[in-house]
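Work through the exercises below with the sequence and the model open. Each task is followed by a stepwise solution.

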Amino acid sequence: MQSFMLKNPDIDILLEFLEESYANKFKRVKKTASVIFGVFLHDSFFQRMPGDLTLAIVLDYEANANLATVWCIAMGGVRMEANAQQAAERDFIIDVGKIAIDHNWKVEYGPEKMALKCPHCKAQYVYLAEEVKGSFADSTRCQNCGRLFHPE
Ligand SMILES: [Zn+2]
């Protein structure tokens with residue numbers, strides 16, 4: 001599971017993005033004057049191979065603070081690749097991150113996560129800080145271009 005906060009999002013744009021891109025199986029959005037709560041289910045593909053991976057996304061938006069908290073949980077897909085779930089969750093975070101950059105929303109991943117950029121092709125990744133310090137402290141292979149780079 002991954003989670004992050006979006007400060008000052010345009011909530012209508014965020015909802016539209018989640019509904020159009022991440023709700024091909026299910027969506028439910030409840031709105032009150034001060035809170036919006038959304039659940040979205042998306043059947044997904046991993047690396048252009050058919051799979052049974054499903055993403056569950058939960059949105060909790062507080063209007064007074066203009067603050068959205070988003071949780072993402074990937075289920076299934078384990079027959080295809082051991083880290084398919086983590087990869088799908090990261091792809092989702094990067095996808096939201098692009099929208100956030102476009103609209104100047106502030107994203108907070110929390111202290112335990114780090115955003116990395118491949119110096120060769122500029123692909124972006126979000127890793128747990130302990131992974132960066134641990135198993136691939138020396139180098140990691142970019143999932144986009146296949147070249148090795150050193151996390152910083
Ligand atoms: Zn790369």
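**Exercise 1: Confidence**

Task: State how confident the prediction is overall, and where confidence is lowest and highest.

Solution. The model is predicted. Its average pLDDT is 84, and 84% of the residues score at least 70. By element, the lowest mean, 65, falls in helix H3 (residues 129-133), while strand E2 (residues 26-31) has the highest, at 97.

**Exercise 2: Elements and burial**

Task: Give the order of the elements and the share of buried residues.

Solution. Start by counting: there are three helices and ten strands. Read from the N terminus, they follow the order β-α-β-β-β-β-α-β-β-β-α-β-β. Then take burial: 23% of the 152 residues count as buried.

**Exercise 3: The core**

Task: Describe the largest nonpolar core and the surroundings of Leu18.

Solution. The largest nonpolar core has 25 residues, and Leu18, Leu55, Ile57 and Val70 have the most contacts inside it. Elements that give two or more residues to this core include helix H1 (11-21), strand E4 (49-62) and strand E5 (67-75). Beyond its neighbours within four places in sequence, Leu18 contacts Ala23, Gly38, Phe40, Ile57 and Leu59.

Definitions and conventions. Residues are numbered from 1 along each chain as its sequence is written. This is a predicted model: local features need pLDDT of at least 70, side-chain atom pairs count only at pLDDT 80 or more; totals for chains, interfaces and linings use all residues. A nonpolar core is a set of buried Ala, Val, Leu, Ile, Met, Phe, Trp, Tyr and Cys residues joined through C-beta atoms within 7 Å. A residue is buried if 20 or more other C-beta atoms lie within 10 Å of its own, exposed if 12 or fewer, and partly exposed in between; C-beta atoms are placed from the backbone. Helices (H or I, at least four residues) and strands (E, at least two) are DSSP runs, numbered from the N terminus. Two residues are in contact if their C-beta atoms, placed from the backbone, lie within 7 Å. pLDDT is the predictor's confidence in each residue, from 0 to 100.
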